[in-house]
Amino acid sequence: MDISTEINGAKLETCVFNASGPNDSTLEELETIGKSKSSAIMMKSCTLEAREGNPEPRYRDLEHGSINSMGLPNLGYKKYVEFASALKKYRKPIVASISGLTLHDNEIIIEAFNSSEADIIEFNPGSPNTIGKPITGYDFNYMDELLTAVMKKSKKPTGVKLPPYFDFVHFERMWNVLKKHKIAFITTINSIGNGLVIDAEKEEAVIKPKGGFGGIGGKYIKYTALANVRKFYQLSEGKVPIIGAGGVYNGIDAFEYILAGATAVQIGTAFIQHGAGIFEKVQNELRQYMHKKGYEKPEDFRGRLKEL
Ligand code: SIN
């Protein structure tokens, strides 16, 4: 059963790989992803300078997902340029994730990755966790400005990871920005920003940053994520690869994403909770489910969700 896919010329042995964020900051962690069945090695979103990130505790597993306010802890982009060379031996696409704090930072980082071994760039303006900064992906005018700068500099296939949208008007506004630029793919969604999880017994928030507000991930967000995949698939008329992220724990989750229009899926919270074996588990279950349904490849059902 062939579940391979292609994202703007980059071939992936399967359509399942890791999301930027969890366990992908150090070379050791990235090596673990390299050795796993993740079909690409996605690196942690990087900034110009190394960042410690937000104060701890800043992540909590929840019954059906997670809350985090990591605050982009990373080693600074130069390290990830180096890591891309070290990871080449795993013979799978290496994805650089870029979250510069200013337009100019993003330009510098993109230039550095242009001459690196990274195969693909995922531009991430969707993080809800940078203290003192709004979620960039909700500022449509600034997104246009940022994408103009980023796409002009980038010499590698470059996509954008979006925060979730909830209103058809906002999907359309974002799409009107995206369609002006030669984006290689859309990844959707980042965590749902600024949730609040409370420990009733202790009468306190479960994470420290921002008074307890953080991005919600895992099963809680799957339906929002599926809707975002579907909407951008429809708006782009299936012409831009959509990478779905949010609550993928099993093969049926991955199947649903493809049915909604996804070209690939990323795994975040479930990777933290179940370890690197999750990639193979989801891939095997997807193959089994496709077999049961009589499909041979994702193209047989991609985007073919039936409406009632
Ligand atoms: C973080 O480091 O805060 C998570 C990254 C993201 O939300 O994009």
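These legends go with close-up views of a predicted model. Local features need pLDDT of at least 70 and side-chain atom pairs count only at pLDDT 80 or more, while totals for chains, interfaces and linings use all residues. Numbering runs from 1 along each chain as its sequence is written, and side-chain values use heavy atoms, with hydrogens and water left out.

**View 1. Around the ligand.** Residues with a heavy atom within 4 Å of the ligand include Lys44, Met70, Gly71, Leu72, Pro73 and Asn129. Asn124 puts a polar side-chain atom 2.8 Å from a ligand oxygen; for Asn190 the N or O to ligand oxygen distance is 2.9 Å, and for Ser127 it's 3.0 Å.

**View 2. The largest cavity.** A whole-structure search turns up two cavities of 30 Å³ or more. A cavity here is a set of points on a 1 Å grid over the protein atoms alone where a 1.4 Å probe fits but cannot get out, and lining residues have an atom within 4 Å of a point. The largest has a volume of about 150 Å³, counted as the space filled by probe spheres set on the points. Of its 17 lining residues, Gly100, Asn124, Pro125, Lys133 and Thr136 sit closest to the centre.

**View 3. The second largest cavity.** This one holds about 30 Å³. Its lining includes Ile7, Phe17, Met42, Glu122 and Gln266.

**View 4. Leu178 in the nonpolar core.** The largest core has 87 residues, and Met43, Phe113, Leu178 and Phe232 touch the most other members. Membership takes buried residues (under 20% relative accessible area, 1.4 Å probe, protein chains only) of the Ala, Val, Leu, Ile, Met, Phe, Trp, Tyr and Cys types, joined through side-chain atoms within 4.5 Å. Leaving aside neighbours within four places in sequence, Leu178 is in contact (heavy atoms within 4.5 Å) with Leu147, Val160, Leu162, Ile183, Ile186 and Phe232.

Note on methods. On a 1 Å grid over the protein atoms alone, a cavity is a set of points where a 1.4 Å probe fits but cannot get out, and a pocket is an open set with protein on both sides within 12 Å along at least five of seven lines; lining residues have an atom within 4 Å of a point. Buried means under 20% relative accessible area, exposed over 50%, partly exposed in between (1.4 Å probe, protein chains only). A polar contact is a pair of N or O atoms within 3.5 Å; within protein, one must be able to donate a hydrogen and the other to accept it, and residues adjacent in sequence count only if both atoms are side-chain atoms.
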